[in-house]
Amino acid sequence: MKLNVGNPVEGDDFFDREKEQQRAWRKLESSHLLMLAPRRIGKTSLILRLCETADPHGFQAVQCSFARCGNEQECVNLLFHSLAEQESRWKHLIDPLKTALGKLKGVKIGPVGIDWQPSQSTDWREVGDALGKVLDAGDTPWLICVDEVPVFVISLIKQGEDGKRRARAFLNWFRDLRQRHYKKVKWLLAGSIGLDTIAARLGWGDTINDLEPFPLAAFDEATALAFLSKLAASYDLPLEESACKAIIKRVGWPVPYYLQVMFSQLRDDWADNQAKPDEAAVERAFERLLAPAYRVHFDYWRQRLDEELGQPEASHATLLLDHASQDVNGLNRDALGQALSTRIQDPDERDRILRYLLDVLGGDGYLVERDGRYAFRMELLRVYWQRRLR
């Protein structure tokens, strides 16, 4: 198994997630899924694994990301091109799609997907609907996995009132598409920002209420130990169980990405300095990662709040995290409410905002409630936040 920091993993580099895969396939028998998890948990890797193993489960599968789509037409276009990349399966769809799109003069179906004719004004909705209809009429069920849907939605919202209107219209259309063509087409939507959080903030819950939530958590301790041990064996690194446990303790929440970040530090120390990868080495790696040079591993956690929550909620959430970062055991609800009282005077409004933000910060992996106290879920992030982000 290769060390892979930051990139999706496939094939032999993919580790475990057996229960999650089984759960996904059970639910996909009857439901569309909304994969919920913070960034770096391994959503994209799991999506790729599901696509790799779709055939034995009776599905044909494709995967794409809306992250770089500039408008609704580009999203629909991307779905077509993702299908066309599977040449052997795409060729069986070309004639049915030509028939379904026969009355639309603005598009052409070809071997690499769909071409839009700039002189024609074809509605992207009709083109997307035709695709859903053709897939639903086929012999084999399809699984279509779309990553970073929230990133595209946010890009529209940032364009002002017209963009906000278009974002809701797109989500409404997307929901209708899923509901009209559900017998042979199942969708899995995901993103590094919570689509459920955005929908809740804007009162758009009705646009995603057909999606069954599919939370994806970090590894449990036993899986994390096995993961680190396998990595160590792959690189002949003499990493004992005590050091593995020290890594897990220092990370605090065994997210695959951060386990690999710590492992990478130990491997470099061993290769460059012949420093034994023991508990002391783990502590040195932990301290190095808190330096400004490694901010790329953490800054996104702060930036994400602005993208997902907007203002002033992002600022309120940052204040709560600033206070919670001061104690490894976190703070109770009353103390966090007191912190918010400097910003929100009305007690009922303050309680409403606090309840909402604690729910978001919990779901997004920042905080966890233990014995009535809200603490950082990841110790590595807590210490970095305390030192660098406050």
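This is a predicted model: local features need pLDDT of at least 70, side-chain atom pairs count only at pLDDT 80 or more; totals for chains, interfaces and linings use all residues.

Visitor: In what order do the strands of the five-stranded open sheet lie?

Guide: The order is β2-β5-β6-β1-β7, and the pairing is parallel. On average, neighbouring strands in this sheet are turned by 20° against each other, direction ignored.

Visitor: Which strands stand at the edges?

Guide: Those are β2 and β7 (211-215). Each has a single partner strand, so one side of each has no neighbour in the sheet.

Visitor: How many bridges join β5 to β6?

Guide: Five bridges link β5 (residues 142-147) with β6 (residues 185-189), and the two run parallel. To follow the pairing by residue, find Trp-142, which lies opposite Val-185 in β6, and Leu-143, which lies opposite Lys-186. Next to β6 in the order comes β1 as well; β1 and β6 pair in the parallel sense over two bridges, and Leu-34 has Leu-189 of β6 as its bridge partner.

Visitor: Is β6 enclosed or open to the outside?

Guide: Five of the five residues of β6 are buried, so the rest of the structure largely encloses this strand. Val-185, Trp-187 and Leu-189 point one way, while Lys-186 and Leu-188 point the other way, and all are buried.

Visitor: Where do I find a hairpin, and which residue in it has a positive phi?

Guide: Look at β9 and β10, whose hairpin has two residues between the strands. Asp-371 takes a positive phi near 55° there. Four bridges join β9 (residues 367-370) to β10 (residues 373-376), and these strands run antiparallel. Arg-370 has Arg-373 in β10 as its bridge partner.

Visitor: How is empty space located?

Guide: Rolling a probe the size of a water molecule over the atoms shows where empty space is left. In this model the largest pocket holds about 670 Å³ of space. It is lined by 32 residues, and the closest to its centre are Gly-6, Pro-8, Arg-40, Gly-42 and Thr-44. The elements giving two or more residues to this lining are α2 (43-52), β2 (60-65), α11 (256-273) and α13 (299-309). By class the lining has 13 nonpolar, ten polar and nine charged residues.

Visitor: What is the volume of the second largest pocket?

Guide: Its volume is about 220 Å³. Of its 20 lining residues, Leu-36, Asp-196, Thr-197, Gly-363 and Asp-364 are the closest to the centre. At least two lining residues come from each of β1 (32-36), α8 (195-202) and α16 (347-363). The lining of this second pocket divides into twelve nonpolar, four polar and four charged residues.

Note on methods: Residues are numbered from 1 along each chain as its sequence is written. Side-chain values use heavy atoms; hydrogens and water are left out. On a 1 Å grid over the protein atoms alone, a cavity is a set of points where a 1.4 Å probe fits but cannot get out, and a pocket is an open set with protein on both sides within 12 Å along at least five of seven lines; lining residues have an atom within 4 Å of a point. Grid points are joined across faces, edges and corners, and a volume is the space filled by probe spheres set on the points. Ala, Val, Leu, Ile, Met, Phe, Trp, Tyr, Cys and Pro count as nonpolar, Asp, Glu, Lys and Arg as charged, and the others, Gly among them, as polar. Two strands pair if DSSP finds at least two bridges between them. Axes are lines fitted to C-alpha atoms, for helices over the stretch in contact, and angles run from 0 to 180 degrees between N-to-C directions. Buried means under 20% relative accessible area, exposed over 50%, partly exposed in between (1.4 Å probe, protein chains only).
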